[in-house]
Amino acid sequence: MHPVRQPVLAAGLTALATAATLGLAPGAAVAAPAASPSISVNWFGTADVRAHTATVGGQFDCGAERGLAYIEVHLDQRRGSVTGFGFGVIGACTDERTAGTWTATIPADEGRFRPGPATTIARLVIEPNSLTETTEPVRLRPRCAHP
């Protein structure tokens, strides 16, 4: 057996002790990475031509984040000729409420949203510092008046 130098042996023992302290020793449990927040948009929304609004919705998942949460929505139809911005209020991401659905009614800045294709940019904001965004196509259907 070859003799081992003291500095090499000391460095190896130090590295092993550091790994054990950090929980990286062989056989130590490794924590799963925290889940990231996510947001999605439903394929269909509604256009209310008379009210100059569109309504879209989707699902959200807070992941491991906790705090006040809301949805920001930008809607673009006909390549920017009709745009709008609105909010979906979802309350808070808590240990009891980590996922759910959202809905936002978006007023048109100018013009009118009409049935047809549109592009939605939806942002899930979880205060104080979490932001998750998605850009998805949506098809607006006419809003049917309830008698």
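Start at Ser130. Beyond its neighbours within four places in sequence, Ser130 is in contact with Pro37, Glu65, Leu124 and Val125. Ser130 sits in strand E8. This is a predicted model. Ser130 has a relative accessible area of 9%. The cut-off for buried is under 20%, so Ser130 counts as buried.

Glu133 lies in strand E8, and Arg123 lies in strand E7. These two residues form a salt bridge, with the closest N and O atoms 2.6 Å apart. The partners are 10 residues apart in sequence, so the bridge ties together those two parts of the chain. Glu133 is partly exposed, at a relative accessible area of 45%.

Arg123 has another partner. Arg123 forms a salt bridge with Glu72, and here the closest N and O atoms are 3.5 Å apart. This pair links distant parts of the chain: Arg123 is in strand E7 (residues 116-126), Glu72 is in strand E4 (residues 67-77), and 51 residues separate them. Glu72 has a relative accessible area of 17%, so Glu72 is buried. What do the shared partners make of Glu72, Arg123 and Glu133? Their salt bridges join the three residues into one network.

The whole structure holds 4 salt bridges. One of them pairs Arg143 with Asp48, the closest N and O atoms being 3.7 Å apart. Arg143 lies in the segment after strand E8 (130-142), and Asp48 lies in strand E2, so this bridge ties together parts that are 95 residues apart in sequence. Is each partner buried or exposed? Asp48 has 18% relative accessibility, so Asp48 counts as buried. Arg143 has 46%, so Arg143 counts as partly exposed. Strand E2 covers residues 44-48. Leaving aside neighbours within four places in sequence, Asp48 is in contact with Thr53 as well as Arg143. As a general point, side chains of opposite charge can pair when their charged atoms come close.

Now turn to the nonpolar side chains. In soluble globular proteins, such side chains tend to be buried together. The largest nonpolar core here has 25 residues. Which residues have the most contacts inside it? They are Leu75, Trp102, Phe113 and Leu140. Several strands give two or more residues to this core: E1 (38-41), E3 (53-61), E4, E5 (82-93), E6 (99-107), E7 and E8.

Leu75 shows the packing in detail. Leaving aside neighbours within four places in sequence, its contacts include Phe113 and Leu140. Leu75 is also in contact with Ala54, Val82, Ile106, Ala118 and Val138, among others. Thr83, Gly84, Thr119 and Thr120 are on the contact list of Leu75 too.

One covalent link remains. A disulfide is a covalent bond between the sulfur atoms of two cysteines. The structure holds 1 disulfide. Which residues does the disulfide join? Cys62 is joined to Cys93, with an S to S distance of 1.9 Å. The link is left-handed, at -70° about the S-S bond. The pair links distant parts of the chain: Cys62 is in the loop between E3 and E4, Cys93 is in strand E5, and the two are 31 residues apart. Cys62 has 0% relative accessibility, so Cys62 counts as buried. Cys93 has a relative accessible area of 3%, so Cys93 is buried.

Notes: Residues numbered from 1 in each chain as written. Predicted model: local features only at pLDDT ≥ 70, side-chain atom pairs only at ≥ 80, totals over all residues. Heavy atoms only, no water. Helix = DSSP H or I, 4+ residues; strand = E, 2+ residues; numbered from the N terminus. Buried < 20%, exposed > 50% of the residue type's maximum accessible area, 1.4 Å probe, protein only. Contact = heavy atoms within 4.5 Å. Salt bridge = Lys/Arg side-chain N within 4 Å of Asp/Glu carboxyl O. Core = buried A, V, L, I, M, F, W, Y, C linked by side-chain atoms within 4.5 Å. Disulfide = S-S within 2.5 Å.
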